Amino acid sequence: MELNSDFTKRVLVADRDNPWRASPSAGVERKMLDRIGDEVARATTIVRFAPGSAFAPHTHDGGEEYIVLEGVFQDEDGDFPVGTYVRNPPTSRHTPSSEPGATIFVKLWQFDPDDRTQLRIDMNTAELEDDPARVGVAQTTLFADGREHVGLEQWSGGITHGLDASDGAEILVLDGALSDGDHSLGPRDWLRLPPGSVAKLTAGPDGARIWKKTGHLRAMLAE
């Protein structure tokens, strides 16, 4: 299966227009954002776990990166409530489940094969610092290496800034609203900008809280 698999193209997926689809695991549904492959795939997805649902134990040969958007996600390492950012690197293994139910944004098979960094970050308590180059934007780095940069940003209401996506960029709106001039993005809306592009973004009147990743698309296209 291929979905939004041309990484030289701009893609915007509005959550409200993206239906839930059943997965092979009972009680687990998903909204696909991009995908190359079938059940073992390079994929970006929003996944919803019904209360008491689980996946079978498995190894992430290509790594797994996720944000808990709703409920509590669980595995052998503990409970991960809303706002938790997790990186499970290649060769990691777990049995994901959710007793109370959970929704996550997850990226699979998108790691450097040699990456072994495991992270658990509570974005609710992460300390943001004002960006000296962008008035009204506070930010923190969640993860960075020579291949990619992953950050959390808080934009004040009504501000406008350009986004240099020379190495590609990917944005998930967590709270508030953000406009690219043609479309308004709300919570769980996802924007992917190809390498070599630029965008002008404006926060809604109540601001916007976003997860942003850069660099990875350029690295992937160079592989």
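E65 pairs with R87 in a salt bridge, with 3.2 Å between the closest N and O atoms; the term covers a side-chain nitrogen of Lys or Arg within 4 Å of a carboxyl oxygen of Asp or Glu. The two partners come from distant parts of the chain, 22 residues apart, with E65 in strand β8 (residues 64–75) and R87 in strand β10 (residues 84–88). Strands here are DSSP runs (E, at least two residues), numbered from the N terminus. Both E65 and R87 are buried, where buried is under 20% relative accessible area, exposed is over 50%, and partly exposed is in between (1.4 Å probe, protein chains only).

A word on the model: it is predicted, so local features need pLDDT of at least 70 and side-chain atom pairs count only at pLDDT 80 or more, while totals for chains, interfaces and linings use all residues. Residues are numbered from 1 along each chain as its sequence is written, and side-chain values use heavy atoms, with hydrogens and water left out.

Back to the charges. The whole structure holds 18 salt bridges, and a network of them links E65, R87, D115, R147, E148 and K213. D34 and R42 also meet through their side chains, at 3.2 Å from N to O, and both of these residues are buried. A further salt bridge joins E70 to R188 (3.0 Å, N to O). E70 sits in strand β8 and R188 in the loop between β20 (184–185) and β21 (190–193), so this pair ties together parts 118 residues apart in sequence. E70 is partly exposed, at 43% relative accessible area.

Turning to the nonpolar side chains, the largest core has 19 residues, and Y85, F105, L142 and W211 touch the most other members. A nonpolar core is a set of buried Ala, Val, Leu, Ile, Met, Phe, Trp, Tyr and Cys residues joined through side-chain atoms within 4.5 Å. Strands β2 (11–13), β8, β14 (119–122), β16 (137–144), β17 (149–155) and β19 (169–179) each supply at least two residues of this core. Leaving aside residues up to four places away in sequence, F105 has contacts (heavy atoms within 4.5 Å) that include L33, E65, L172, W190 and W211. Another core, of 17 residues, lies apart and has A165, A199, L201 and I210 among its members.

Finally, the backbone. Most residues other than glycine have a negative phi. W109, though, has a positive phi near 60 degrees; W109 is in the loop between β13 (102–108) and β14 and is partly exposed, at 42% relative accessible area. R188 is not a glycine either, and its phi is about 75 degrees.

How values were computed. Helices (H or I, at least four residues) and strands (E, at least two) are DSSP runs, numbered from the N terminus.
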